[in-house]
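Walk through this model from the overall fold down to single side chains.

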Amino acid sequence: MAANVESMFYVRETPWHGLGTGVMEAPASKEALTLAGLDWKVLQEPVYTQSEELIKGYKANVRDSDRKVLGVVTDRYKVIQNEEAFSFTDSLLGEGVRYETAGSLQGGKKVWLLARLPQEYIISGEQISPYLVFSNTHDGSGAIKVALTPIRVVCNNTLNLALNTAKRSWSMIHTGDIQGKLEEAKDTLFLAEKYMSSLGKEFDELRMKKMTDKQVMDYIEVLLPLDENFTPLQKKNIARLREDMKMRYFDAPDLKGLGNNAYRFVNAVSDFATHAEPLRKTVNYKENIFARTMDGNPLIDRAYQMVLAA
């Protein structure tokens, strides 16, 4: 993953890849922009063939600091500069917002920032901290994405459940009225209170859903299926993952006081999805974990839907 992380900063604890500039206190946007190595702009320049003929309808997104071409896009593509991303988050969250991490991936093609929202929540007796994640691409490969990600503080598990009752994320493409879309995003994200309120109600209901040990084991087998055509090694690997998830439900110290219920099970699956070692570490597996922080984790959502249907 180190090859994919170009620059970043982090607050207090060293992150998973060991790179970046460590700071003791979360910085404001101007300092965060510099610490993250994002204090550069994207220029749009014409594209030519080798024989110097202009290619109409396309532009090259070029980083001004080193003249690196980040991507080739249509001339309808509008750049959102890194500075604008921080300004957007500043205006959304208000004066005094502090950034927990920010950085650049894949040589500047992808950038992100994560800010902690000022309000803390006590939900079902536990501290849940909401974070705002802003992700952007400069190579034309994806949309601008903004999402609310609640974190269970005691274990740093993500609890970004896909609720039917409230929206937690928003995205837009790099064309059209960009500033108008950003204003619309502000309206959407000011509904964070509604999402957190809905999340609290869901957690209370999950606590009321009692689960037997047999149900837990059955659900784990569904989440981590074992196919009869698997090789002996594949079967061994699935057995290991099942034991890992089982341990996180039955033995995790922070979950033992929650009772035998669906809330405990969803948290155990979240802990597994967030922190378990994969069977095979791909070069960008940690980047994928971060992406799931933004987009949601299918494994956690499936566990949540299973217990709801029970």
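Buried, in what follows, means under 20% relative accessible area, and exposed means over 50%, with partly exposed in between. Keep in mind that this is a predicted model.

Take helix α2 with that cut-off in hand. The buried residues of α2 are Asn82, Ala85, Phe86, Phe88, Thr89, Leu92 and Leu93. They lie on the same side of α2, because the arc they cover around the axis is only 155°. The length of the helix can be checked too. Helix α2 has twelve residues, 82–93, and at 1.5 Å a residue it should span 16 Å. Its end C-alpha atoms are 17 Å apart, which agrees. Glycine 94 follows α2, with a positive phi near 95°.

Now step back to the whole chain. The protein chain has nine helices and twelve strands. Its length is 310 residues, of which 49% count as buried. Consider the contacts with a sequence separation of 6 or more. Residues 24 or more positions apart account for 61% of them.

Next comes the interior. In soluble globular proteins, nonpolar side chains tend to be buried together. Here the largest nonpolar core holds 77 residues. Which of its members touch the most others? They are Leu161 and Phe265. Helix α7 gives this core its largest share, eight residues. Leucine 161 shows how such a position is surrounded. Beyond its neighbours within four places in sequence, leucine 161 is in contact with Arg168, Tyr195, Leu199, Phe203, Val266, Ile300, Asp301 and Tyr304.

Phe265 leads on to the aromatic rings. Together with Tyr219, Tyr249 and Phe250, Phe265 forms one aromatic cluster. The structure holds six aromatic pairs. One of them joins tyrosine 249 and phenylalanine 250. A pair of aromatic rings is described by the distance of the centres and the angle of the planes. For tyrosine 249 and phenylalanine 250 the values are 4.9 Å centre to centre and 85° between the planes. That pair is edge-to-face, because the angle is over 60 degrees. Tyrosine 249 is buried, at a relative accessible area of 1%. Phenylalanine 250, at 22%, counts as partly exposed.

Arginine 264 lies over the face of tyrosine 249, at 4.5 Å from the ring centre. The charged end of arginine 63 sits over the ring of tryptophan 40, 4.9 Å from its centre.

Asparagine 261 lies in the loop between α6 (232–250) and α7 (262–275). Is asparagine 261 buried or exposed? Asparagine 261 counts as buried, because its relative accessible area of 2% is under the 20% limit. Which residues does asparagine 261 touch, apart from those up to four places away in sequence? They are Leu206, Arg207, Lys209, Lys210, Met211 and Tyr249.

Setting aside neighbours within four places in sequence, threonine 175 is in contact with Arg76, Tyr77 and Lys181.

Two further loop positions deserve a look at their backbone. Arginine 67 is in the loop between β4 (54–63) and β5 (69–74). Phi of arginine 67 is positive, near 65°, although the residue is not glycine. At 46% relative accessibility, arginine 67 counts as partly exposed. Glutamine 106 is placed in the loop between β6 (99–105) and β7 (110–116). Its phi is also positive in a residue other than glycine, near 55°. Glutamine 106 counts as partly exposed, at 27% relative accessibility.

Methods
Residues numbered from 1 in each chain as written. Predicted model: local features only at pLDDT ≥ 70, side-chain atom pairs only at ≥ 80, totals over all residues. Heavy atoms only, no water. Helix = DSSP H or I, 4+ residues; strand = E, 2+ residues; numbered from the N terminus. Buried < 20%, exposed > 50% of the residue type's maximum accessible area, 1.4 Å probe, protein only. Contact = heavy atoms within 4.5 Å. Phe/Tyr/Trp six-rings, centres within 6.5 Å; stacked < 30°, edge-to-face > 60°. Lys NZ or Arg CZ within 6 Å of the ring centre and 35° of its normal. Expected span 1.5 Å × (residues − 1). Arc of directions from axis to C-beta. Core = buried A, V, L, I, M, F, W, Y, C linked by side-chain atoms within 4.5 Å.
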